[in-house]
Amino acid sequence: MSEYKRPTSEIEFEQNFTQKKPLMNATEAHFESSKCLFCYDAPCITACPTGIDIPLFIKQINSGNMTGSAKTIYESNWLGNACGTICPTGELCEGACVFNHQDLPPIQIGRLQNFATSDAIKKDKILFTPGSSNGRKVAVIGSGGAGIACACELRTMGYEVDIYEAKSKPSGLTLHGIAAYKITNQEVEEEINFLEKQMGLNFICNHPIERKTQLEQLETEYDAIFLGVGIGATAQIGLPGEDKINVVGAVEFIEELRMKHHQLAVPNRVVVIGGGNTAMDAASQSARMGAESVVLAYRRSKEDMGAYGFEYKLAISAGVESVFNAQPIEIVGNGKATGVQFIRTQEVNGRLENIQGSEFIVDAEMVIKATGQAKQKHFLELIDGLELDKRKKIVVNDQSFQCTNPKYFAGGDAVNGGAEVVNAAYEGKMAAQGIEKWLNENE
Amino acid sequence: MPNLNIDFAGIKSPNPFWLASAPPTNSGYQIMKAFDAGWGGAVWKTLGVPVINVSSRYGSVNYGGARMAGFSNIELITDRPLADNLREMEEVKKYFPDHAVIASLMVETKEEWIQIIKDVENAGADGIELNFGCPHGMCERGMGSAVGQEPAVLQTIVEWVMEVANIPVITKLTPNISHIVDPGLAAARGGTNAISLINTIKSIVGIDLDTYAPYPVVDGKGTNGGYCGPAVKPIALEMVKELTQHPEIKNIPVSGIGGIETWRDAVEFILLGAESVQVCTAVMHYGFGIVREMKAGLEQFMIDKGYETIYDFKGKALPNVTDWKHLNLKHKVVASIDNDKCIGCDLCYIACDDGAHQAIRIPEGNGNRIPEIIDENCVGCNLCSLVCPVEECITMEQRDDGTQHVSWDEKTKANAIPTTFDDDRAGGKGHFVPTVEDALKHRK
Ligand SMILES: Cc1cc2nc3c(=O)[nH]c(=O)nc-3n(C[C@H](O)[C@H](O)[C@H](O)COP(=O)(O)OP(=O)(O)OC[C@H]3O[C@@H](n4cnc5c(N)ncnc54)[C@H](O)[C@@H]3O)c2cc1C
Ligand code: SF4
């Protein structure tokens, strides 16, 4: 039996997807903030990809300067509110908290961050204003964390910025890809509205940039172009039977779930293929949607999984079963998948080998492929002189985030191959500064 | 952006945050680091006669999870050669011409005062602070608080100094005295340009239960120290107000010192009339970087309130600090508990029942621990709301309609001072008196 009842209403959906890091109340925030030691050259700051002055914002919560606290956070990270709940904090800031060395629980940095920024968002505090116009224009392609951070940063410097987004809503995977128990749609949208209001962000949604002519037009109209296009849809894995109708990509599955909530029908038997964080999220969420059996299958051993330990544990605690050393060889069924055929694997001298004769089938009414996203190769190849590395990542200068075609700058998943929103926020901001520097030098 | 600049008795500073004369201002190295971190000024560790320091030197009061809620030291004035200090002072001014460098001084004879003032002026100091404060060591040699506690002596020395000084002079006062106005007036009459207070409070922070010696222990013995840190702020705030409200002193700029750690503390001092604030313990605990919280908070406060300069709100709380006899006896507040927030610790109940006015009960038989206010007994003392660990759970609600005002002073003038205990509120007429049985009901 599954642990979760199938949600039939928004309320039941919310119960199954209770937030892992709920908003703190004032007492909790006061108590938690009073524990921070205000370490010198604090390790948490170094561990945060955006380098937020964490002891400062925590002390500001404690001394009642909530506005200042939110400002401290947003000065480093334009997605401060979302990051507070979706960052893998145990691997980042909280993992570096010195309390860990005394077996004390680390300060709950993420939730405090979310508390301070939520207060500013709720009260509609004006923390920043756009810089006075400098007459320059930048086109941002993609409105994920990278694009938004780049746009906000550029706005503070007085740039006119147009953000072209293929989807109907801004936010990229923060809205469409993050597990629903980490952040609500409302929270994501409130932060974007908050930024939009004070920074004057011009989102042009339902507007994919897909053709060379479009790019050429952008090149003539704008002083620089920022690519924050992410890594796109789930890739084909070349498995026989992959095209059956109930075989879906994890990113697409999660997007549908984030948009439809309880109205998404998830069948009783689900198999998830993959061993990364996306696989964990897809499995966890299938279980929370009331699937009776969710099997997570990974072709290597447990130790080889790319997923964070805490994400795996979360999936298991939601009732997900795992099968390791299982290589999918075919999706079986007649038009519709009824199962996945696997073959056992083992490592021999560091190489993964199939064990002949060990085939087995796991029944499935839906198969979720969490085996990686396709990258935006086709689109990126339309840009002249834009170099991609072997793994199809955009090659950039690591300080300025400028591409090999100097008019282009890039950041986020498209550059790092798929990391966290906090990395995208950092890279987008750095790219904005890179653009400013480059344009100043070439004036 | 608000403007944090101050012109303190002629000493210009980019912001009101100064380091107090103490270990953080021992050297040019530290002061340059501090200015770089955002401090506006620094009062150099006191220069004077040669001394020898002991080891160890500091003790602290830890309260619950908080370390150094109170802090004590038995360190003397600088033990570094005067020439080194002067050379470094000159160097600091070279790198930071717009920051305030103030030389704290403590010597004995008139000749010594004249000489050392000349020395620090030559080194480029922007001002002088006279240390009449240290309550340990130096006072045993007739300096520090030994001077601060003798208004006549203090005035004489201020007069000597004023005769020769060409830069602004701040007189730093000791709190180890019954009436802070006395040395304050002496400083004013001696012609001081400004006053700073408080220096540390004579104290013993604790006793080692194995060696029977007070902290900090020096080879089995100890002595009284000078107490500072967050715990002393209330005393400092009151003393600052005594001076800033005094008709003969109120026009003299005051630098507030004592327990300042956050922007809030600084704003409080300024609201009571201080123009700059000096910080020591917070820096000894957290380093110079702590100033970033103070500066950002002060700026945000000024933005939120619409103030452009420090002078827009300096002293703004002073009209509201009055004598008890002017307080409105008709004002009435009563505690109110938010049942949804209550976590059932019942600290408010026991605090009120044992420690105050028996105005809270725990209703029996309803299966929870949520206490109830007995309205008729509540005198509005605040105690329950102070002990409550939940933010905004117990609030004090106003019960008078705000139209009536009677003070003790007005009663006195109207010849209406009560001769019986007939006030209608709890505490007077009709006060609830529990029975002997109530008091002894838990007796075994
Ligand atoms: C399943 C899953 C779970 C995740 N969980 C977490 C998590 O818990 N915490 C965390 O921090 N990170 C998580 N991540 C990673 C995180 O979502 C990404 O690192 C981050 O969103 C990258 O931001 P980005 O701006 O680079 O790209 P994206 O968020 O992918 O945004 C790219 C945007 O560009 C648009 N776009 C693409 N091409 C075009 C075009 N040609 N024209 C116009 N618009 C275009 C897209 O529609 C999209 O809106 C997760 C990712 C996945 C897939
Ligand atoms: S942005 Fe993420 S990593 Fe950085 S402090 Fe906030 S929660 Fe931690």
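Begin at ligand 1 and select A:Gly228, which has a backbone N or O atom 3.4 Å from an oxygen atom of the ligand; a polar contact here is a pair of N or O atoms within 3.5 Å, and within protein one atom must be able to donate a hydrogen and the other to accept it, with residues adjacent in sequence counting only if both atoms are side-chain atoms. This is a predicted model, in which local features need pLDDT of at least 70 and side-chain atom pairs count only at pLDDT 80 or more, while totals for chains, interfaces and linings use all residues. Residues are numbered from 1 along each chain as its sequence is written, chains are lettered from A and ligands numbered from 1 in the order in which they are written, and side-chain values use heavy atoms, with hydrogens and water left out.

**Around ligand 1**

On its own, ligand 1 has 1000 Å² of accessible area, of which the protein covers 93% (Shrake-Rupley method with a 1.4 Å probe; for residues, only the protein chains shown count as cover).

Now display the shell of 34 residues around ligand 1, in which A:Ile86, A:Glu165, A:Leu173, A:Lys182 and A:Asp413 come nearest; a residue is near a molecule or strand if one of its heavy atoms lies within 4 Å of it. Colouring by class gives 15 nonpolar, 13 polar and six charged residues, where Ala, Val, Leu, Ile, Met, Phe, Trp, Tyr, Cys and Pro count as nonpolar, Asp, Glu, Lys and Arg as charged, and the others, Gly among them, as polar. At least two residues of this shell come from each of α9 (145–156), α14 (277–288) and α18 (421–441) of chain A; helices (H or I, at least four residues) and strands (E, at least two) are DSSP runs, numbered from the N terminus.

**Around ligand 2**

Move to ligand 2, which is surrounded by 14 residues, the closest being A:Cys48, A:Asn77, A:Cys87, A:Cys93 and A:Gln113. Its shell has 10 nonpolar, four polar and no charged residues, and helix α8 (residues 109–122) of chain A gives the most to it, with three residues.

**Charges over rings in chain A**

Select A:Lys137 with A:Tyr222, where the charged end of the lysine sits over the ring, 5.0 Å from its centre. Then pick A:Arg288, which lies over the face of A:Tyr181 at 4.4 Å from the ring centre. A charge sits over a ring if NZ of Lys or CZ of Arg is within 6 Å of the ring centre and within 35 degrees of the ring normal.

**The aromatic cluster of chain B**

Finally, select B:Trp263, B:Phe301, B:Tyr307 and B:Phe313, which form one aromatic cluster. Rings of Phe, Tyr and Trp (its six-membered ring) pair if their centres lie within 6.5 Å, with planes under 30 degrees apart counting as stacked, over 60 as edge-to-face and the rest as tilted. Over all chains, the structure holds 19 aromatic pairs. In one of them, B:Phe301 and B:Tyr307 have ring centres 6.0 Å apart and planes at 50°, so the pair is tilted. With B:Phe313, the ring of B:Phe301 has a centre-to-centre distance of 5.3 Å and planes at 65°, so this pair is edge-to-face. It links B:Phe301 in helix α10 (residues 291–305) of chain B to B:Phe313 in the loop between α10 and β15 (333–337), 12 residues apart.
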